[in-house]
Amino acid sequence: MKKIKRNFVLTILLSWCFYLQGQEWIQTFSGEYAERGAAIIASPDGSVLVAIETQSLDFGSNPGGDIYLARFDQEGNTIWEDTLEIPANGYGHFQSMILTQDSGYVIMSSEVNILPNATAYLVKLDKYGQFQWVKEYTGIASNGLVARSIIESSEHDYFITGAQINTDSSDLVLMKIDTQGELIWSKTFEIPNTQYEQSITETIDGNLMIGFSEDGTRATLIKVDKNGTELWTKVVADSFRIRKIQETPEGEFLLVGYELDNSINSNFRVTKTSNDGDAIWTYLDGNPDFSDGATDVLITKDGNYLVAGCQSENIGSFTKGWLLKINPLGNLIWQSFLGESIPKRFIFNSMTELPNGCTYPNPSDNSTIVLR
């Protein structure tokens, strides 16, 4: 990994933490070019690791962007910071970051603009951000692979979902990886056009649930066991693009994403399903004339659901970050916004909850990242 260059401007203003709509501190990162808030993860000691995809660090080999990493304590003080060049032969983009059971981190990136020859990558870091290994994964035969979501299972293996890119289509892929990044097996499901957002979680009953949107519009759940055997597949709703799925303590599932009105506009959507994928309720909100949507969800310590996303005021010019809390029956408790008076695009990308119950959402725009 390379140290952060001096021509990258790091501006620390404040950084805030949402807790009962309170505001504690805010951090703003800005560079000469585009930055994107990628992920934020809390450690058991209360510190948080932030990953930001940035084009302001000129490594020269990856026009898609590289990763700035920073770990903060609960007061917002920097513990360490470093930068990571995304491995890529073309336009590599950050996809996901997870906290591993050895207190380290795995970062996943994928080439998404050179289809059908895309390649996926995993980078393993220890808890101090020191490099441990990097692995590269490609599709079957000459097909490419776009990786979308990753988890570490209770058995300490990694499961990755993605799309195998064919000449004129794509199929859903599930991969099992060991702790050293070696491929154990890869399974392909003949479900076409699954190269859009995906989300995977380990279920209470010891299986895996994958949420994705066939053709980018048909919200679908597929449940498999840990050998990759399909148990069932169910279409939850049409015109619904899933960004994240989360299992509740009762074994039900929360699906958040975009309700698609047409090719341009969308609404903020949360759907709760039973453990076999049947819809229980749907929370739908947003301005029907603009493009709104949900990007992340977590279950808070009080048993309610915190959902992050964005609400557009004017397409292409003004988007504000949107954070709302709903109860297990789908009723709104409160909502809050970021960027209502700033002509930029604020979009919450990910959230994490600290041991003290404080929540950090991670909003971004094209030039500034605000970490909450």
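First, the ground rules. The model is predicted, and local features need pLDDT of at least 70, side-chain atom pairs count only at pLDDT 80 or more, while totals for chains, interfaces and linings use all residues. Residues are numbered from 1 along each chain as its sequence is written, and side-chain values use heavy atoms, with hydrogens and water left out.

Let me start with the sheet. Strands here are DSSP runs of at least two residues, labelled E and numbered from the N terminus. Two strands pair if DSSP finds at least two bridges between them. On that basis, 4 strands form an open sheet in the order E18-E19-E20-E21, with antiparallel pairing. E18 (240-247) and E21 are the edge strands with a single partner each, so one side of each has no neighbour in the sheet. The twist averages 20° from one strand to the next; the axes behind that angle are lines fitted to C-alpha atoms, and angles run from 0 to 180 degrees between N-to-C directions.

Going across the sheet, E18 and E19 pair over 7 bridges, and arginine 241 stands opposite tyrosine 258 in E19. Strand E19 (residues 253-260) then pairs with E20 over 8 bridges, where glycine 257 faces arginine 269 of E20. Between E20 and E21 (residues 279-285) there are 6 bridges, and lysine 272 has tryptophan 281 in E21 as its bridge partner. These two strands make a hairpin with 5 residues between them, and glycine 277 in the turn has a positive phi of about 90°.

Is strand E20 buried or exposed? Buried means under 20% relative accessible area and exposed over 50%, with partly exposed in between, using a 1.4 Å probe and protein chains only. For E20 (residues 266-273), 8 of the 8 residues are buried, so the strand is largely enclosed by the rest of the structure.

Now the rings. Rings of Phe, Tyr and Trp (its six-membered ring) pair if their centres lie within 6.5 Å; planes under 30 degrees apart are stacked, over 60 edge-to-face, and the rest tilted. The count by this rule is 3 aromatic pairs. One of them is phenylalanine 268 with tryptophan 322, tilted, at 4.5 Å centre to centre and 45° between the planes. That pair links E20 to strand E24 (residues 318-326), the two residues being 54 apart in the chain. Phenylalanine 268 is buried at 0% relative accessible area, and tryptophan 322 is buried at 1%. Together with Phe337, Phe268 and Trp322 form one aromatic cluster.
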